[in-house]
Amino acid sequence: MTGTGLVEDDGGAGAAAAVPTPARPASISDVARAAGVSVPTVSRVLTGAARVSPERRQRVLDAIEALRYRPSATARALVSGRRDQVAVMTSETAVHGYSTTIKGVETAARAAGHPVVISVVESRDPEEIDRAVQVALQLPLAGIVVLKFDAVGVAVLDALPADVPVVAVSGEADGRHPQVVLDEESGAAELVRYLLDLGHRTVHHVAVPPSRAEDGRTTGWRRVLEAAGAEVPPVRLADSFGARSGIAIGRELGADPGVTAVFCGNDEVAMGVIRGLEEAGRRVPEDVSVVGFDDHPLAEVWRPGLTTVHQDFEALGERAFGLLAAQLAGDRRPTLSSALPWLVRRGSAAPPPAAGQSRR
């Protein structure tokens, strides 16, 4: 033997066995069997953790090629001991707040050397939740970020084992997990006060699907109306976060001449409500003011420009990874990081028309 360094061989191993063609994906044991070496030797070839004689190394490489073997993430983690992946568990990836928060997590995690895996959980059915959690736990995880913006996120968070580093991102603090929280109640309260100050007698509310019985946006709306002694209209619930879910509600609101202001749970729903109001013959903001929440990228270019509350979702995701990194460094205490939204005034809100008049 020439050269320096540790060489790891399998004493007495003969020539490689005939290479099978398994129907299932090849495993590391299949490679070892085909190459006539042990599983640890295959691992050493894959990781370079110790030198292997050129002849045995070549047999392993030939078997890998013939079997088209690709080591799984779990296998690599078991071999290397490195558990570095960050999983983001969410019910949505298309909605603005969700996608931009994920982007923030991914940007911060990647900068710290952690690859990010997105796990989409489509419903809160217990079997679906359990399946998604089990798949995530099979990864070489450093930790998990859960987008707890809805009921699915709540169910996922409840299903995760206590020994996994977890950070929640939501509109409410639960006191159980390290958490990044948007102060949605304060943002909604500021928006509703603005409409009342414009002269509207009350503000109707179209809520998005909440994470609990009533989310912070609805609570803030209700609190301000009650404090002002204003009528609190029934909440209308959109069946999704998308614009289409607001169109029919907008038509219904447009049929009521007493409706002069509408606060929507997000900007996409507000865009749908505006369409429905216009189909009912009402103009925005001449007849009805409509405001949203989140400051979607289209809110500024929409016509009229949408008055809304801005939330920095990308920074929210970056903060979430920061809390996870603190856990990985040994700080497992529940920690709260709160972000305050702010009002963005645009053209979709104006004083109400004079009684019995329409400003057409």
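Which residues form one aromatic cluster? In this predicted model, the answer is Tyr98, Phe149, Phe241 and Phe313. Let's take that group apart and then look at the nonpolar cores.

Counting ring pairs across the model gives 4 aromatic pairs. Take Tyr98 and Phe241: their planes sit at 70 degrees and their ring centres are 5.7 Å apart, so this pair is edge-to-face. Tyr98 belongs to helix H5 (residues 96-111), while Phe241 sits in the loop between strand S7 (236-237) and helix H10 (244-254), so the pair links distant parts of the chain, 143 residues apart. Both Tyr98 and Phe241 are buried.

Now for Phe149 and Phe313. These two also make an edge-to-face pair, with 75 degrees between the planes and 6.3 Å centre to centre. Phe149 is found in the loop between strand S3 (141-148) and helix H7 (151-159), and Phe313 is in helix H12, so their pairing ties together parts 164 residues apart in sequence. Phe149 has 14% relative accessibility, so it counts as buried; Phe313, at 4%, counts as buried too.

In soluble globular proteins, nonpolar side chains tend to be buried together. Here the largest nonpolar core holds 41 residues, and Val145, Val206, Val262 and Val290 have the most contacts inside it. Helix H12 (residues 313-328) gives the most to this core, namely 6 residues. There's also a second, separate core of 19 residues, with Ala188, Val203, Phe293 and Val309 among them.

Zoom in on Val206 to finish. Setting aside neighbours within four places in sequence, Val206 is in contact with residues including Arg236, Ile249, Leu253, Val262 and Phe263.

Terms used
Residues are numbered from 1 along each chain as its sequence is written. This is a predicted model: local features need pLDDT of at least 70, side-chain atom pairs count only at pLDDT 80 or more; totals for chains, interfaces and linings use all residues. Side-chain values use heavy atoms; hydrogens and water are left out. A nonpolar core is a set of buried Ala, Val, Leu, Ile, Met, Phe, Trp, Tyr and Cys residues joined through side-chain atoms within 4.5 Å. Buried means under 20% relative accessible area, exposed over 50%, partly exposed in between (1.4 Å probe, protein chains only). Helices (H or I, at least four residues) and strands (E, at least two) are DSSP runs, numbered from the N terminus. Contact means heavy atoms within 4.5 Å. Rings of Phe, Tyr and Trp (its six-membered ring) pair if their centres lie within 6.5 Å; planes under 30 degrees apart count as stacked, over 60 as edge-to-face and the rest as tilted.
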